[in-house]
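Let's take a friendly look at how charged side chains pair up in a protein. Keep the picture at hand as you read.

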Amino acid sequence: MRKKATIMAAMALVMAVALAGSSIAAEYWGTLPSLKLGYSVRSEGMGGAGLALDGDLSLAGLNPAALPTTKGLGLYTNYTSVYATNGKFSLVFGCKYFGIALDVLGATDIEITDEYGAIIGVGDYYEGNVALIGGYSFKLGSMGFVSVGASLKGLGQFMPESDGYGFALDVGAIGRYDIGKVGLSAAFVLRNAPGIIWYPTSGPLPEAGTKAAEMSFLDIAYAGGIAAHFFDEKLLVALDVDSARGLSAGIEGKVSVLSLRTGVNWWMDRPLSFSLGAGLDLFKGARLDYSWTYLVHMPDRHRVGLLIRF
């Protein structure tokens, strides 16, 4: 059993290092990925790490393989303050084998400029996606499991005088093996495989009459993560490497109904960011989450999330 767990952890570590050393710098798509925001406030409090964590509905938006590891029917929703916008709202609703996720970012009174940079008006900007998530898990003896999942996303980008529509497919997997009170888990996610977005053939973005204005294939993004679980989930340590979000590392400790989190995120194109977070267990498996992220290049970011189990 120890040999199996060691092999799984070693493979995950090799995968993460390989991703970190790659030259891939693909974004998921649009403004939402450029802000490097995920669905989970819990993950954000750990610096963005958490791909290899299980049993949490909020993580299904990051890795669809997390959905089959949950129990019962649940709803997770959160709001994020984002500089110069009305904020970002997202939710995940589902049960063990099927769910739906929504992610929306909006901004009003955005300045519209011509090709010379002159302001010619103002308009509203909205961007979002809705995803259908499905998955399945199976046990590895009495000490472990493997979970796989997929997420089919419908994409929308609505700008003054130009709209975009598309779809993308994400696939993911999580494997976990427990040795006594210590668990080791690894995860892998492939995003935009494939991903396509269409723009109108008229309008300022992109240039009218070009092929890019009609259809664009989205860059494929890769992500891998490992996590260690101690003392019956009372202490968690997670490390993720994401071709779009960079390197994230975080830790979570739980005492009674209170969880405390901290983490860092770093990537070559952005300064180091630092996060703090907390979670409070409520009635019947419900949980209230909060995270604060310090960003060198932007104002601090605050997020609030609520998990409800039915």
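## A buried pair: Asp289 and Arg287

Let's begin with Asp289, which is buried, its relative accessible area being 1%. Keep in mind that this is a predicted model. Which residue does Asp289 pair with in a salt bridge? The partner is Arg287, and the closest N and O atoms are 2.9 Å apart. Arg287 is buried too, with a relative accessible area of 9%, because the cut-off for buried is under 20%.

Both residues also belong to a network of salt bridges, in which Asp289 and Arg287 are linked with Arg42, Asp56, Glu252 and Arg261.

## Linking two strands: Lys88 and Asp103

Next, find Lys88 and Asp103, which form a salt bridge with their closest N and O atoms 2.9 Å apart. This pair links distant parts of the chain: Lys88 sits in strand β2 (residues 87-94) and Asp103 in strand β3 (residues 98-113), 15 residues apart.

Are these two buried or exposed? Lys88 is buried, at 0% relative accessible area, and Asp103 counts as buried at 4%.

Now look for Arg176 and Asp54, whose side chains meet in a salt bridge (3.0 Å, N to O). Arg176 counts as buried, with 9% relative accessibility.

## The whole structure

How many salt bridges does the structure hold? There are 15. As a general idea, side chains of opposite charge can pair when their charged atoms come close.

Key:
Residues numbered from 1 in each chain as written. Predicted model: local features only at pLDDT ≥ 70, side-chain atom pairs only at ≥ 80, totals over all residues. Heavy atoms only, no water. Salt bridge = Lys/Arg side-chain N within 4 Å of Asp/Glu carboxyl O. Buried < 20%, exposed > 50% of the residue type's maximum accessible area, 1.4 Å probe, protein only. Helix = DSSP H or I, 4+ residues; strand = E, 2+ residues; numbered from the N terminus.
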